[in-house]
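Take a moment to look over the sequence and the structure below, and then follow the paragraphs chain by chain.

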Amino acid sequence: MTPSITLLGPQRRPTLDRVLSSLGVGGPVAVVNAGWQERESDDAEILALAGGEATNLRLFARWMDVLRADPEYAAAEREHRLVLDELQQLYLIRLDHALQAVSAVAARPDGHANTQAMALEDALAAVRLLDATHVARVQELHGAFYARWRPEERGPIAGHREEVRGLLATAECLVVAGGHVGDLLRVLHLFHLSPHLPPRLVAWSAGAMALAPRVVLFHDRAAQGASLTEVFDAGLGVVPGAVVLPHARRRLRTDDLPRMSVLARRFAPASCLVLDDGVRLDLGPGGALPPDVRLVGDDGRITEGAAA
Amino acid sequence: MTAARTGSGRLAINRLKSAKPLDAEAVDRFLGRHEVPVVEGDQCTFLWRGEADEAWVCQRIVGLPDRIPLRRLRGTDLWQLVLELPEGSRVEYQIEIRRGDHYERFNDPLNEKRSHSPMGSSSVCFAAGYETPDWVLPDPEARPGELKELVLRSRALGRDAHVTVYLPARFRPTASYPLLVVHDGGDFLQYASMKTVLDNLIHRLDVAETVVAFTHPGERLDEYANSTAHSRFLTQELLPELESSLPLVGQRAGRCLLGSSFGGVAALSAAYRSPDTYGSLVLMSGSFVFTDIGTDHGGGPAFDPVVKFVNRFRAKPRCVADRVFMSCGVYEQLIVPNRSMVHVFENAGMQVRYTEARDGHSWENWRDRLRDALSWVYPGPQKLYYE
């Protein structure tokens, strides 16, 4: 059964307690804050906000324990990560060229508008294909890795999976916080949370990104300048048809409408969800977006209510 | 502090000239009110006070005379020179005076700002718009990495090679780190605050968690001037040692050589000798002196092997790394050779990012470029964090 899902904006001013209360969550809550990495154990505040019966699943600590207890797996995982990093770098090289083609076509000052529109659509289609094949390759590599190393049969991983499953079985709600989306995704997959999700899910920032079918990384204000918006990996897929963009106004040049337009059109038909401070989205059945959702439109503007 | 000109547009020094009486007390009041050099827009007034027959500001801005005379303010012991320095400039200088046959050169006693290098210290003028980046200063929030000393018996160099290894905070043996090898490592640590810079840039997620090997030269001008022995040391001794003892990526993409000045030549020549080994180079104010015709390069004997190497490289450019970050100060003698190398590297198939700064051949120039360089070579995981 698909859980009922609430996505929140960044929790700099926490609203988690009020959200859980409004959802009528009174029972045990399981918390994942593995995106905080080594700071996972600094969980007093988040546990307090999640209520008296909240339990931290400690997925990051469990992962570290697996790496310590199973050096063979640790070495294999390290190698797997290196291969994925290399693939990501090669994808970025190809993506750079493909997006330059989009920009070059879009920037042509004259000619027939229809011709340009067709060429632009084709250039965007090439980017979509690139994104799709990349994420498929990543899944292929994950599949091969899991098939070879069979985590379900490895003592330390199996033991932790069992414990996590037990904690999830008694939980009324799973809360997934933000942080490092790569590590978060890794432990969500490693400890196999997907089939055991409780009836309710509340997530924000990296946690919300991890629930979408694809995790898309973006930062227009990085130290090295605006970087390419890139597809990173598949998420859990329980928020279908969405690309989740936390901190969009802080991290994206939202006033650059052509750039934002390319973003929206590139990921279509998925919707680019803006999850800024103060946002709360209670998804409908099957992960349907609510009417008040903020989306990046085809024209590059952030619109409200586009899903209505 | 940058002083603003008055509404009349007159420089402070010109206002002083009109003071009546223009005496020692007026000069005292003037110096008490102004930070020296007096920076007003793009006009910088250098000052020296004392008795002398002549006085100069000595600096190394290419295009300007090395020694520019100060003029004495009539009736006072104050000497002044107004120089136009474009926004963002940072200029190192000293004062020189002559008393009879005696010449003396020293740092500006009216300016507390100093820049340090292995050659000693000098005064420094921050023109309008220059600010010391906050990431070069210690940040108590940044978790410090660790420096470990390593001594390697180098057959290539015929000596013990000392290497200072930086391990980033939260170093984990189960992770994989990219490697940066820094030439003139001791100087980068001492004069370019590189440990602090690394701690801060990694903490801010601008730069990936990186293992850095700071190497220390022996006979620097020999080892760094296109030396086979030095290249062999890096590629056949140091690299295998580090990659076998530390959790490093161990692939081309995760290896970078960094060097400034002659260190830039050393980095390029090591990559040239082993073109499949290093993914990136950081070349700051590289001493890429070359000749288009003849042999008169003007650099002295130490540059002979450098010129030979650079000439050969320019004649037959070779792709020696995937990516090259280059920087140079526009006030350096080396600005033209560095600009000339950009298209040479690009034509060889390397991706080049080139930046210039209004600065000279100095450690603080190289320090200030580290963020651009390292965040490009090994971008931090900012893109992965969504708190």
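In this predicted model, buried residues account for 56% of the 387 residues that make up chain B. Its secondary structure consists of ten helices and 19 strands, and because the radius of gyration of chain B, 23 Å, is close to the 21 Å that the globule rule gives for 387 residues, the chain is as compact as a globular protein of that length. Taken along the principal axes, the box that the C-alpha atoms of chain B fill is roughly 75 × 60 × 40 Å.

To place one of them, B:Arg318 is found in the loop that runs between helix H8 (304-315) and strand E17 (323-329) of chain B. With a relative accessible area of 35%, B:Arg318 counts as partly exposed, and it can belong to such a patch because patches are made of residues with over 30% relative accessible area and no salt bridge.

The C-alpha trace of chain A spans about 65 × 45 × 35 Å along its principal axes, and 51% of the 308 residues in chain A count as buried.

Terms used:
Residues numbered from 1 in each chain as written. Chains lettered and ligands numbered in written order. Predicted model: local features only at pLDDT ≥ 70, side-chain atom pairs only at ≥ 80, totals over all residues. Heavy atoms only, no water. Helix = DSSP H or I, 4+ residues; strand = E, 2+ residues; numbered from the N terminus. Buried < 20%, exposed > 50% of the residue type's maximum accessible area, 1.4 Å probe, protein only. Rg over C-alpha atoms; globule rule 2.2 N^0.38 Å.
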